[in-house]
Amino acid sequence: VSYALNHTNRKLTLEPKITVNAKIIVVGASSVGISFLETLVFCSHMKFNNLTLISTHGLPGKKLLDTEQRKFLASDHCFNDKDYALMSLCSWVNVVVGRMTGIDRAAKHVVLSTDEIVLYDHLILCTGQQYQVPCPTEADISQHLTNREVPNSSQRRYTGKVPCNHFTLNEEEDCFKALTWIRNNSITTEDGGRASVLFR
């Protein structure tokens with residue numbers, strides 16, 4: 001982890017802070033979710049004692065992706081690994097590793113994929129942009145249909161078996177798995193070298 005130096009002057013140390021004990025849950029470690037938590041954690045006049053992040057793989061920045069892996073990840077480049085290390089959100093935020101599957105607004109809790117229940121007073125949804133496996137339209141290509149004649153499938157979700165060479169790159173873990181598969185399954189040329197792989 002990168003070195004971080006946090007400086008607090010005497011005035012800020014002696015200044016009384018407003019303590020906020022409300023349970024604030026942020027779902028998703030997207031750029032918006034991380035930026036929201038950063039704003040609360042480093043608020044000079046308020047202290048939030050009950051911040052929780054629910055994310056599939058926890059806080060980002062753990063894998064320390066190299067340049068080769070970063071090329072796979074579509075990102076707005078708001079934060080890099082050094083930024084995550086300097087913020088040290090793990091010191092201020094409770095991290096729940098899991099996927100949210102339901103919200104009970106009446107009881108004010110969220111349900112995780114492990115059937116665990118997490119209570120909240122304020123719920124912030126910051127899941128970010130998530131790519132999905134494309135759903136086939138099941139159109140007959142022999143009919144030479146136009147786009148207007150093909151049934152609209154924007155609301156459909158693919159539930160079949162996903163091929164082993166199909167990757168949906170939403171986060172660091174997905175990029176790591178894709179690169180590992182490419183290294184293990186790329187075509188080897190006759191001279192012993194590896195053939196280049198082109199992705200769109």
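**Close-up views of a sheet and a pocket**

**View 1. Pairing of strands E7 and E8 in the predicted model.** Strand E7 (residues 109–112) and E8 run antiparallel and are joined by 3 bridges, where strands are DSSP runs (E, at least two residues) numbered from the N terminus and two strands pair if DSSP finds at least two bridges between them. Histidine 109 has leucine 119 of E8 as its bridge partner. This is a predicted model, in which local features need pLDDT of at least 70 and side-chain atom pairs count only at pLDDT 80 or more, while totals for chains, interfaces and linings use all residues. Residues are numbered from 1 along each chain as its sequence is written, and side-chain values use heavy atoms, with hydrogens and water left out.

**View 2. The open sheet E6-E7-E8.** In this order, 3 strands form an open sheet with antiparallel pairing. Strand E6 (100–104) and strand E8 (117–119) are the edge strands, each pairing on one side only. On average, neighbouring strands of this sheet are turned by 25° against each other, direction ignored, with axes taken as lines fitted to C-alpha atoms and angles running from 0 to 180 degrees between N-to-C directions.

**View 3. Lining of the second largest pocket.** Of the 17 residues that line this pocket, Lys17, Val41, Phe42, Cys43 and Trp92 lie nearest its centre; on a 1 Å grid over the protein atoms alone, probed at 1.4 Å, a pocket is an open set of points with protein on both sides within 12 Å along at least five of seven lines, and lining residues have an atom within 4 Å of a point. Strand E3 gives the most to the lining, with 3 residues.

Note on methods:
Helix = DSSP H or I, 4+ residues; strand = E, 2+ residues; numbered from the N terminus.
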